[in-house]
Amino acid sequence: MALRHAVLAALLDEELSGYQVTKAFAAGVANFWHALPQQVYAELARLEKEGLVAGREVVQEARPNKRLFRVTGEGLAELEGFASAAAKPSFLREDLLVQIQAADHLDTDVLIERLIERFAFAEAKAALFEEQLRRMRGERDEAEFLLSGARIGPYLTCRRGRDFERANRDWCRDVMEVLRARREAAGPSLRRSAPDQFLNPNSPTL
């Protein structure tokens, strides 16, 4: 997937300014594609030049004018072509996994600290996604929304982001339990001090 497809997907439902597109990336598109704001602005300029999006100037009183963008017929055709191609599988590429790969040769306490950090990040991110899902559903329960709610695509990708971070959180907890058990089994002479609990005070202790 190219960045252009993620930008086009973010613009499908409504006209957005460049700033709003970057916010959409941060809130939802970042579930599956990360891009810096300057990359998004540069891609919007390319898409407009190629006729895949159309921009118009909006005059604002007491504020700088802004430019709104929408997907054109050519842009929709580009997305349809993208959707017709087989999706390439993704692969994990994360520093923490390299660190755990080397666990037999590294300081267990240091690794546990890294896992605590990742656990806290994943838990907070999953909670943000869950709140966003609640806002998207409104008063409907999930089963009803999945059947007839508007903008189901963003909802499903947000749910994937939540589940991804929950899996990351659970993996971190499981790995910490393994490292702790191995440290205990190694005997007092090989044990080092470790944090007493996860950053989340409600999480199980190490």
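A residue is classed as buried when its relative accessible area is under 20%, as exposed when that area is over 50%, and as partly exposed in between. In the predicted model described here, Glu15 has a relative accessibility of 27% and therefore counts as partly exposed. Arg56, with a relative accessible area of 41%, is likewise assigned to the partly exposed class. The side chains of Glu15 and Arg56 meet in a salt bridge, with an N to O distance of 2.8 Å. This pair links distant parts of the chain, the two residues being 41 residues apart. Glu15 is located in the loop between helix H1 (3-10) and strand E1 (16-17), whereas Arg56 belongs to strand E2 (residues 53-58).

The buried positions are Leu3, Arg4, His5, Ala6, Val7, Leu8 and Ala10.

Strands E1 and E2 also take part in an open sheet of three strands, arranged in the order E1-E3-E2 with antiparallel pairing. Because E1 and E2 stand at the edges and each has a single partner strand, one side of each is left without a neighbour in the sheet. Helix H3 (residues 37-49) packs on this sheet and touches E2 and E3, its direction making about 110° with that of E2. The antiparallel pairing of E1 with strand E3 (residues 66-71) extends over two bridges. Ser17 has Leu68 as its bridge partner in E3. In general, the strands of a sheet pair through backbone hydrogen bonds, in either a parallel or an antiparallel manner.

In total, 23 salt bridges are counted in the model. One of them joins the side chains of Glu113 and Arg114, at an N to O distance of 4.0 Å. Glu113 is partly exposed, its relative accessible area being 35%; Arg114, at 26%, is also partly exposed.

Another salt bridge connects Glu130 with Arg134, whose closest N and O atoms are 4.0 Å apart. Both residues lie in helix H6 (residues 108-137), and because they are four residues apart, about one helical turn separates them. An α-helix has 3.6 residues a turn, so residues three or four places apart point the same way. Glu130 counts as buried because its relative accessibility is 16%, a value to be read against the cut-off of under 20%. Arg134, by contrast, is partly exposed at 39%.

A search of the whole structure for aromatic pairs returns one. The rings of Phe145 and Tyr155 have centres 4.6 Å apart and planes at 45°, so the pair is classed as tilted. Since Phe145 lies in helix H7 (residues 142-148) and Tyr155 in helix H8 (residues 152-185), the pair ties together parts that are ten residues apart in sequence. Phe145 and Tyr155 are both buried.

Cys158 has a relative accessibility of 1% and so counts as buried. Cys172 is likewise buried, also at 1% relative accessibility.

Terms used. Residues numbered from 1 in each chain as written. Predicted model: local features only at pLDDT ≥ 70, side-chain atom pairs only at ≥ 80, totals over all residues. Heavy atoms only, no water. Buried < 20%, exposed > 50% of the residue type's maximum accessible area, 1.4 Å probe, protein only. Pairing = 2+ DSSP bridges. Contact = heavy atoms within 4.5 Å. Axes fitted to C-alpha atoms, helices over the stretch in contact; angles between N-to-C directions. Phe/Tyr/Trp six-rings, centres within 6.5 Å; stacked < 30°, edge-to-face > 60°.
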